[in-house]
Amino acid sequence: MSYSLHQIRWVCSTLFYMCTSFAIITANKSVLTIYKFPSVQFVTLVQLIVTVIVLEVLKLLRLVTFPALSVSSIRDVMPLPLIHLANLLVGLGSTQSLSIPMFQVLRRFTVLFVMIGEITILRKRFSKLTVVTVVAMLG
């Protein structure tokens, strides 16, 4: 069986995301609970700074592309960084308080609840493949 370059990149991207997501959760849990680091806000700030640095390095290496920073682009996307910041703070705060298995369960169910909210409030329809994928994530 032959796979296209697109399929191979998709699988590699998915595996990379899975591994880095697990590593970040485990590192955060260790820093905040085992080592009793007192500041969730500082951990969040460091993660945001590292994210910006990594994205800029990837842009310099021409592995990703995105527009240059400008006042109009900041104005256009401003709600997104604020929502991301809130998500990070709440997520790291809960990581500090919950066990990793419980945190993972809550993360998985978040996707289901967002989907239910979109169906209920926005009257959005999802493909069968999307629904099956979300259900498989819960299992």
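**Exercise 1.** Which residues lie nearest the centre of the second largest pocket, and how many residues line this pocket?

*Solution.* The structure is a predicted model, in which local features need pLDDT of at least 70 and side-chain atom pairs count only at pLDDT 80 or more, while totals for chains, interfaces and linings use all residues. Residues are numbered from 1 along each chain as its sequence is written, and side-chain values use heavy atoms, with hydrogens and water left out.

A pocket is an open set of points on a 1 Å grid over the protein atoms alone, where a 1.4 Å probe fits, with protein on both sides within 12 Å along at least five of seven lines, and lining residues have an atom within 4 Å of a point. The second largest pocket is lined by 18 residues, and V52, L55, L69, V77 and P81 are those nearest its centre.

**Exercise 2.** Describe how helices α1 and α4 pack, and name the residues that meet.

*Solution.* Helices are DSSP runs of H or I with at least four residues, numbered from the N terminus. Helix α1 (residues 5–34) packs with helix α4 (residues 79–97) at an angle of about 60°, their axes being 9 Å apart; axes are lines fitted to C-alpha atoms over the stretch in contact, and angles run from 0 to 180 degrees between N-to-C directions.

In terms of contact, meaning heavy atoms within 4.5 Å, I25, N28, K29, L32 and T33 of α1 meet L92, T95 and Q96 of α4.

**Exercise 3.** Which helix gives the most to the lining of the largest pocket?

*Solution.* Of the 33 lining residues, Y17, S21, I24, I25 and R107 are the closest to the centre of the largest pocket. Helix α1 gives the most to this lining, with eleven residues.

Terms used: Helix = DSSP H or I, 4+ residues; strand = E, 2+ residues; numbered from the N terminus.
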